[in-house]
Amino acid sequence: MLEVRAASVTYGKVRALAGVSLSVPENGIVTIIGSNGAGKSTTLRAISGLARLSSGEIHFAGERIDNLPADRVVARGIAHVPEGRRIFKDMTVEENLMTGAFLRRDAAGVAKDLEGVYARFPRLAERRRQLAKTMSGGEQQMLAIGRALMARPKLLLMDEPSMGLAPVIVEEIARIVVDIKAQGVPVVLVEQNAQLALELADHAYVLETGSLALEGPARELQRNDHVRAAYLGI
């Protein structure tokens with residue numbers, strides 16, 4: 001479904017990505033792990049049109065998309081849950097969710113999907129008229145995921161969804177990711193918790209200083225000596 005081909009991204013004189021290639025199938029979870037500054041978030045930003053490639057290509061559903069602005073990437077079916085959630089804190093829960101459907105014109109479908117989000121996240125339903133800034137970190141993360149789902153994505157990008165959350169909420173977020181996969185939406189997961197990421201994912205990529213260091217089935221990388229020492233603390 002998605003192919004990133006030899007993608008490079010530079011910020012001024014700094015090369016954030018250097019010839020990274022990866023692919024995402026039509027179903028499943030692909031994770032990208034690595035230390036801070038390895039290029040994980042930049043990879044997601046490049047896919048979603050928020051960071052421009054200096055070289056390479058990105059193809060989605062058979063179409064080249066690296067030359068498209070972010071709104072047209074969203075219109076093609078890619079939704080991004082950014083690091084830090086980036087919700088609209090002075091808007092209500094429901095107003096935030098509806099921004100996810102901004103490009104859609106199927107009012108009946110939007111209404112159905114809104115109720116689907118509330119069914120998936122009952123706490124959001126309880127707080128639909130509440131300002132987003134008054135909610136807990138876990139609830140705000142659920143809101144960010146729900147907003148992305150309102151775009152009815154064909155591919156979901158998730159950047160550090162467990163960051164700063166209590167263990168019980170992290171477990172809930174993990175179940176949500178698996179459920180999204182079960183609904184037929186592939187997920188690209190960037191996650192600081194490498195152990196969690198490798199447990200959830202089908203396939204994994206390891207980035208180091210902007211370059212692809214390792215890739216393979218997630219279960220195999222869990223047994224890799226370098227991954228165990230560098231990222232799993234074993």
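1. The side chains of Asp-90 and Lys-133 meet in a salt bridge, with 2.8 Å from N to O; the term stands for a side-chain nitrogen of Lys or Arg within 4 Å of a carboxyl oxygen of Asp or Glu. Asp-90 lies in the loop between strand 6 (78-81) and helix 3 (93-99), and Lys-133 in the loop between helix 5 (122-126) and helix 6 (137-149), so the pair ties together parts that are 43 residues apart in sequence. Helices (H or I, at least four residues) and strands (E, at least two) are DSSP runs, numbered from the N terminus. Asp-90 counts as exposed at 58% relative accessibility, whereas Lys-133, at 46%, counts as partly exposed; buried means under 20% relative accessible area, exposed over 50%, and partly exposed in between, with a 1.4 Å probe and protein chains only.

2. A word on the basis of this note: the model is predicted, so that local features need pLDDT of at least 70 and side-chain atom pairs count only at pLDDT 80 or more, while totals for chains, interfaces and linings use all residues. Residues are numbered from 1 along each chain as its sequence is written, and side-chain values use heavy atoms, with hydrogens and water left out.

3. Glu-94 is buried, with a relative accessible area of 16%, and Arg-128 is partly exposed, with 23%.

4. A search of the whole structure finds 16 salt bridges. Glu-3, Arg-5, Glu-57, Arg-64 and Asp-66 are linked in a network of such bridges. In the pair formed by Arg-64 and Asp-66, the closest N and O atoms are 2.8 Å apart. Arg-64 counts as partly exposed, at 36% relative accessibility, while Asp-66, at 11%, counts as buried.

5. Arg-64 also has a place in a sheet, for in strand 5 it is the bridge partner of His-59. The sheet is open and consists of 4 strands in the order 2-1-4-5, with antiparallel pairing; two strands pair if DSSP finds at least two bridges between them. Its edge strands are strand 2 (14-24) and strand 5 (63-64), each of which pairs on one side only. Helix 1 (residues 40-47) packs on this sheet and touches strand 1 (2-11), strand 2 and strand 4, its direction making about 115° with that of strand 1; contact means heavy atoms within 4.5 Å.

6. Within this sheet, strand 1 and strand 4 run antiparallel and are joined by 5 bridges, and Glu-3 stands opposite His-59 in strand 4. Strand 4 (residues 55-60) and strand 5 pair in the antiparallel sense over 2 bridges, and Phe-60 has Glu-63 of strand 5 as its bridge partner. The hairpin of strand 4 and strand 5 has 2 residues between the strands, and there Ala-61 takes a positive phi near 50°.

7. The other sheet to examine is an open one of 6 strands in the order 6-7-8-3-9-10, with mixed pairing. Strand 6 and strand 10 (211-217) are its edge strands, each pairing on one side only, and the twist averages 15° from one strand to the next. Strand 9 (residues 203-208) and strand 10 run antiparallel, joined by 6 bridges, and His-203 stands opposite Pro-217 in strand 10. Helix 1 packs on this sheet, touching strand 3 (29-33), strand 6, strand 7 (155-159), strand 8 (187-190) and strand 9, and its direction makes about 150° with that of strand 7.

8. Helix 6 and helix 7 (residues 167-182) have axes that come within 10 Å and cross at roughly 10°; axes are lines fitted to C-alpha atoms, for helices over the stretch in contact, and angles run from 0 to 180 degrees between N-to-C directions. The two helices are therefore roughly parallel to each other, a description that covers angles under 35 degrees. The residues making the contact include Met-142 and Ile-145 of helix 6 and Ile-173 and Ile-176 of helix 7.

9. Gln-140 also has its place in helix 6, and is buried, with a relative accessible area of 9%. Leaving aside neighbours within four places in sequence, Gln-140 is in contact with Arg-85, Ile-87, Lys-89, Ala-132, Lys-133 and Met-135.

Conventions. Angles under 35 degrees count as roughly parallel, over 145 as roughly antiparallel, 65 to 115 as roughly perpendicular and the rest as oblique.
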